[in-house]
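Q: Hi! Could you walk me through this model? I'd like to start with pockets, so how is a pocket defined here?

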Amino acid sequence: MKKKILFLLLVLVFTSFKVNASSWCFVWDEETTTIEIPLGGNLQNYISKPKAKLYRDGQVLDDAQISYITTGDWLYLLTDVDTRKVGSYQVWYKAVENKYKPGQCQGYKTLVTFNVVDVEKPVFIDYPKTITYLIGSVKPKYEEQITATDNSGNCKITIDDSLVDYETPGTYTLAFRASDGRNISEQFMEVIVKDPIGPIITFLGENNRILLTKGEEAKLQAYFKAIDKIDGDVTDTISYTPFSTEIARSFDLEVTFSDKNKNTSSMIVKIEIVDKDEVSIELYKTVLILEYNQNVEQALMENIKSANLGKTNILNDVVIHSEHIKNEVGSYVVSYEYVNQDKVGRVECEVKLLSNSAPILLVENCNASLNGKVNILDHIQVNDPSDSDIASKVEYDDSLVDYSKAGTYPVRVTVTNSSNLSTSETLYITILDNKNSIESSRNIFIVPILIGVCLIGGGIAVFLYFKKKRNCNNDQNQL
């Protein structure tokens with residue numbers, strides 16, 4: 001019996017030796033030891049993905065009961081994995097087999113890599129579908145009108161307006177993108193470029209006045225030039241309210257021009273329809289500005305552009321009523337008149353006489369006694385040939401003068417003539433105290449006395465000189 005028991009023990013030892021002598025190893029699946037987790041994902045949904053297989057003597061044991069240990073005194077732990085931040089994290093995994101219990105066989109540990117990646121694109125929350133841009137205005141700040149967000153908290157908006165021509169009217173496509181550094185979302189909007197400025201109108205005649213003959217066909221385009229910044233010459237777009245030329249009359253007419261974008265510009269002109277058999281007096285200017293001392297009569301005559309009775313030149317028969325014009329600055333109305341039997345013609349012109357010279361202003365410094373007063377106007381002289389009332393336009397400011405305190409003070413004097421030309425000067429007022437007044441009074445008497453003494457002494461000296469000279473001459477004659 002003992003032999004049988006010993007034999008069984010030997011068999012068990014031999015069997016155990018044979019089992020331990022087998023080649024065991026864990027082989028990790030490389031595809032499952034690198035795990036990708038989306039940013040913000042739940043780590044618990046991914047920790048069971050790493051897998052290993054148990055091999056004995058090169059044969060896989062499909063029925064092996066393998067579990068994994070991820071905690072321990074290691075450098076790389078699951079607690080280090082932060083799915084809120086993009087990055088790469090490593091964790092130690094150890095395989096343990098509970099059926100065959102091979103122990104610490106080859107390959108029982110490996111490093112598992114968790115890559116936290118951002119796979120979500122930014123999302124646009126709000127943005128305009130179209131934006132209108134007016135040529136010449138400030139370029140739109142598109143970024144301020146676009147709102148986007150991203151799960152990473154990092155979202156940068158960029159604008160691509162390379163296809164937009166901000167100088168030419170039209171509708172263009174603008175692309176804008178939101179990027180989190182890895183993923184990009186793109187959207188589009190329309191930019192409508194408009195021209196807000198109407199044409200610039202130039203009148204080719206004079207004084208915004210068009211003279212038409214009674215019964216003549218009204219063709220006004222030749223009197224204008226309309227240029228648009230974008231469309232160029234748009235003179236042919238002229239429009240105005242139609243009118244008849246069958247009656248001699250004068251009226252204002254609004255003339256309008258437009259560009260392709262329906263921007264308009266207008267100008268008011270005076271239409272004069274005249275009968276060729278009637279008197280026609282035309283002036284170069286209806287407001288004539290002249291120098292006050294200029295030859296007014298000659299200037300008024302030269303202001304007549306034409307004077308006709310039908311086809312007859314009546315320039316020499318036009319009477320200019322300018323007798324009320326004075327040779328000083330002012331505004332006067334002058335009439336040009338022609339009267340002959342039943343034919344009468346009359347036009348008016350405003351004549352403005354101005355001066356190009358400022359008034360001449362002279363001031364004289366003066367004294368005043370303490371607590372006294374001085375008439376400043378007595379020490380001011382002003383002259384202006386163009387303004388007969390110039391003396392009444394003198395102004396002065398003596399606010400800095402303290403009449404209760406001795407001293408010298410400035411007074412600013414200004415005069416402005418009818419042509420709005422001014423001259424300014426400064427005079428000084430000296431306020432004398434009582435002591436200075438007494439000394440001044442003494443000086444009044446002392447100075448004449450000294451002058452008298454000098455004159456008398458000088459006279460005596462001259463008299464003695466000539467007397468002495470005469471005596472010398474007499475003595476020589478005697479010799």
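A: Happy to. On a 1 Å grid over the protein atoms alone, a pocket is an open set of points with protein on both sides within 12 Å along at least five of seven lines, and its lining residues have an atom within 4 Å of a point. Grid points are joined across faces, edges and corners, and a volume is the space filled by probe spheres set on the points. This is a predicted model: local features need pLDDT of at least 70, side-chain atom pairs count only at pLDDT 80 or more, and totals for chains, interfaces and linings use all residues. Residues are numbered from 1 along each chain as its sequence is written, and side-chain values use heavy atoms, with hydrogens and water left out.

Q: Thanks! What volume does the largest pocket have?
A: About 290 Å³.

Q: And which residues lie nearest its centre?
A: Arg209, Glu272, Ile281, Glu282 and Val347, out of 18 lining residues.

Q: Which strands supply at least two residues of that lining?
A: β15 (209–213), β19 (264–274), β20 (279–283) and β26 (343–354) each do. Strands here are DSSP runs of E with at least two residues, numbered from the N terminus.

Q: How does the lining divide into nonpolar, polar and charged?
A: Seven nonpolar, five polar and six charged. Ala, Val, Leu, Ile, Met, Phe, Trp, Tyr, Cys and Pro count as nonpolar, Asp, Glu, Lys and Arg as charged, and the others, Gly among them, as polar.

Q: You mentioned β20. What sheet is that strand in?
A: An open sheet of three strands in the order β20-β22-β23, with antiparallel pairing. β20 and β23 (312–313) are at the edges with a single partner strand each, so one side of each has no neighbour in the sheet. Two strands pair if DSSP finds at least two bridges between them.

Q: How many bridges join β22 to β23?
A: Two, with β22 covering residues 304–309. Leu309 has Thr312 of β23 as its bridge partner.

Q: Switching topic: how does β12 pair with β13?
A: In the antiparallel sense, over 10 bridges, with β13 spanning residues 184–194. Ser179 is opposite Ile184 in β13. The hairpin has four residues between the strands, and Gly181 there has a positive phi near 105 degrees. β12 (residues 170–179) also pairs with β11 (residues 156–160), antiparallel over five bridges.

Q: Parallel or antiparallel for β2 and β7?
A: Parallel, over five bridges between residues 34–38 and residues 109–117. β6 (residues 87–97) joins β7 antiparallel through eight bridges. Val116 of β7 is the bridge partner of Ile37, and Gly87 also stands opposite Val116.

Q: Nice. How many aromatic pairs are there?
A: The structure holds 12. Rings of Phe, Tyr and Trp (its six-membered ring) pair if their centres lie within 6.5 Å; planes under 30 degrees apart are stacked, over 60 edge-to-face and the rest tilted. Phe243 and Phe251 make an edge-to-face pair, 5.3 Å centre to centre with 70 degrees between the planes.

Q: Are those two buried or exposed?
A: Phe243 is buried at 17% relative accessibility, and Phe251 is buried at 16%. Buried means under 20% relative accessible area, exposed over 50%, partly exposed in between (1.4 Å probe, protein chains only).

Q: Last one: where is Lys262?
A: Lys262 is in the loop between β18 (249–258) and β19. Lys262 is exposed at 70% relative accessible area, and has a positive phi of about 70 degrees although it is not a glycine.

How values were computed. On a 1 Å grid over the protein atoms alone, a cavity is a set of points where a 1.4 Å probe fits but cannot get out, and a pocket is an open set with protein on both sides within 12 Å along at least five of seven lines; lining residues have an atom within 4 Å of a point.
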